[in-house]
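Here's a quick briefing on a pocket and the strands around it. Have the structure open while you go through the notes.

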Amino acid sequence: ENTKLIVYAQHVDSKTGNRDTGFLTARAIKDAGGIGTLFNQSEHPLRLEQIKLIARECRKQNLRFIICTANLNQIKYLIKLKPFAIAYEEPKLIATKNSITNYPVKILNFVKYFSKSKTFPLCGAGINTEKDVEAAIRLGCKGVLISSAIIKSKNPKNLIKKFDL
């Protein structure tokens with residue numbers, strides 16, 4: 001209510017029902033004014049069954065959802081869930097200065113899965129500069145995940161402006 005930003009929750013639990021104290025549910029995100037969620041980050045991986053449950057709950061609440069994956073083999077299953085986007089992350093590159101875009105073959109292999117899909121391909125891990133963002137777009141991604149670079153920046157607003165976000 002106090003921002004013009006589009007708000008996504010950084011996680012959602014697969015819990016539903018009345019006994020969900022301590023869990024962040026899709027309904028709670030919706031009730032708080034969020035429009036979506038991002039889940040299955042490398043730091044908080046989920047089993048495929050949990051991912052399917054969360055996808056179903058997000059659809060019930062009309063929430064967009066972005067599924068992260070570190071595994072290219074998983075994409076063929078994840079894309080069937082029709083998420084808003086799938087983000088490919090290399091766990092060893094997260095919070096480093098080594099961008100995932102330095103490995104273009106991996107990104108190109110990732111992007112191939114989306115040729116007949118309405119799901120957006122995103123990439124993340126080690127994205128630090130506007131050149132990293134430009135490389136991701138050039139390689140076929142529709143956007144990037146950025147966290148550490150912004151959080152660690154001495155001037156996050158200027159960095160975001162550089163990224164044209």
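The lining of the largest pocket splits into 26 nonpolar, 11 polar and 4 charged residues. Keep in mind that this is a predicted model. The pocket holds about 1,400 Å³ of space.

**Pocket lining**
- In total, 41 residues line the largest pocket, and Leu38, Val144, Leu145, Ile146 and Ser147 sit nearest its centre.
- Several elements give two or more residues to that lining: strands S1 (8-9), S3 (64-69), S4 (85-89), S5 (120-124) and S6 (143-145), plus helices H5 (130-138) and H6 (148-152).

**S5 and its neighbours**
- S5 is mostly tucked away, with 4 of its 5 residues buried.
- On one pairing, S5 runs parallel to S4 over 5 bridges, and glycine 124 in S5 is the bridge partner of glutamate 89.
- On another, S5 runs parallel to S6 over 3 bridges, and here glycine 124 has leucine 145 in S6 as its bridge partner.
- Leucine 145 also turns up among the residues nearest the pocket centre.

Technical notes: Residues are numbered from 1 along each chain as its sequence is written. This is a predicted model: local features need pLDDT of at least 70, side-chain atom pairs count only at pLDDT 80 or more; totals for chains, interfaces and linings use all residues. Side-chain values use heavy atoms; hydrogens and water are left out. On a 1 Å grid over the protein atoms alone, a cavity is a set of points where a 1.4 Å probe fits but cannot get out, and a pocket is an open set with protein on both sides within 12 Å along at least five of seven lines; lining residues have an atom within 4 Å of a point. Grid points are joined across faces, edges and corners, and a volume is the space filled by probe spheres set on the points. Ala, Val, Leu, Ile, Met, Phe, Trp, Tyr, Cys and Pro count as nonpolar, Asp, Glu, Lys and Arg as charged, and the others, Gly among them, as polar. Buried means under 20% relative accessible area, exposed over 50%, partly exposed in between (1.4 Å probe, protein chains only). Two strands pair if DSSP finds at least two bridges between them.
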